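I opened this entry to look up packing inside the fold. My notes follow the display.

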Amino acid sequence: MGRVSSAERRSALVRAALRVIHRDGVNGATTRAIVAEAGMSLASFHYAFRSRDEMIRELIAFVVQDEQRVSLEALDPDADIRSAVRAGMHAYFDLLRAHPSREQALQELVQYSLRTPGLEHLPRAQYASYFHTARVLLERGAEVTGVEWSLPIEQLARILIAITDGLTVAWLADRDDEAAGTLIDFAADTIGALALSRRAVAPKSS
C-alpha cells in the first residue's frame, strides 16, 4: 500500500468517527474505537489530529460543507426565489435520505455535548456552522434570482435552520418522504414570500 496523505488520513478518520457515533453513540466514539473502525493505528490518529475535539470539529465541517455544496449546486439562475429555496432544500433532503446515519450522528453529538460539562462549545460551533451555511445559501439564492430579503439575513438564516432541523428530526423518526416534501414546499413558499424584487427596493432618484 502506498503512503496515505494527511488529508486522506483525516478524511478516513472522520468517516470512521461518523460510523462509530451512529452505532455506539458519542460515548463509544473513543480514539481507540475510531482508529479500529478506520483500520489504523492509534499513532495515526494523533498524527492527523491534535485532539478528539479537533477531530469532532472537522467531522462537523465535513458534513456541513457537503450539505452546502449540494444545495448551491441545485440553484438554477433561471428560477424564481421560491423555486430556488425549494431546490436547495430538496438537495439537502436527498443527501439526508442517502446518508441518514451522518445526521443521526450530528444529532447525537449535539445532545451529548449539551449535557456534558466542558463540551458546551461544541454545539455552539456546530450551529454557528449551520447558520453560516444558511447565510451563504440565502445570499447566493438572492443574488442569482435578483431579489433582496425583507428581513435581516441573520434572522432568515435562523428560520431556515429551524425548519431544516424540524425536517431532519421528523424524517429520521418516521421516514415519511411525502410529509417531508410538503414541509419543503411550505418552507419555500414562506421564505420566498420574504423576498422583494430589487426594483421594488431600489432607491428613489433625487
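Helices here are DSSP runs of H or I with at least four residues, numbered from the N terminus. The model is predicted.

**Entry 1, a glutamine in a helix.** I looked up Gln126 and found it in helix H7, residues 121–145. Is Gln126 buried or exposed? Buried means under 20% relative accessible area. Gln126 has 1% relative accessibility, so it counts as buried. I then listed its contacts, leaving aside neighbours within four places in sequence. Gln126 touches Ile60, Leu106, Leu109 and Val110.

I turned to the largest nonpolar core, which has 55 residues. Which members touch the most others? They are Met55, Leu59, Met89 and Trp149. Helix H8, residues 153–174, supplies the largest share of this core, with eight residues.

I checked how helix H1 (residues 6–24) sits against helix H4 (residues 52–73). Their axes come within 10 Å and cross at roughly 90°. Angles of 65 to 115 degrees count as roughly perpendicular. H1 and H4 are therefore roughly perpendicular to each other.

Which residues meet there? From H1 I noted Arg10, Val14, Arg15, Ala17, Leu18 and Ile21. From H4 I noted Glu54, Met55, Glu58, Leu59, Phe62 and Val63. By class, this contact has eight nonpolar and four charged residues, with no polar ones. Met55 and Leu59 turn up here, and both were on my core list.

How values were computed: Residues numbered from 1 in each chain as written. Predicted model: local features only at pLDDT ≥ 70, side-chain atom pairs only at ≥ 80, totals over all residues. Heavy atoms only, no water. Core = buried A, V, L, I, M, F, W, Y, C linked by side-chain atoms within 4.5 Å. Buried < 20%, exposed > 50% of the residue type's maximum accessible area, 1.4 Å probe, protein only. Helix = DSSP H or I, 4+ residues; strand = E, 2+ residues; numbered from the N terminus. Axes fitted to C-alpha atoms, helices over the stretch in contact; angles between N-to-C directions. Parallel < 35°, antiparallel > 145°, perpendicular 65-115°, else oblique. Contact = heavy atoms within 4.5 Å. Nonpolar A, V, L, I, M, F, W, Y, C, P; charged D, E, K, R; others polar.
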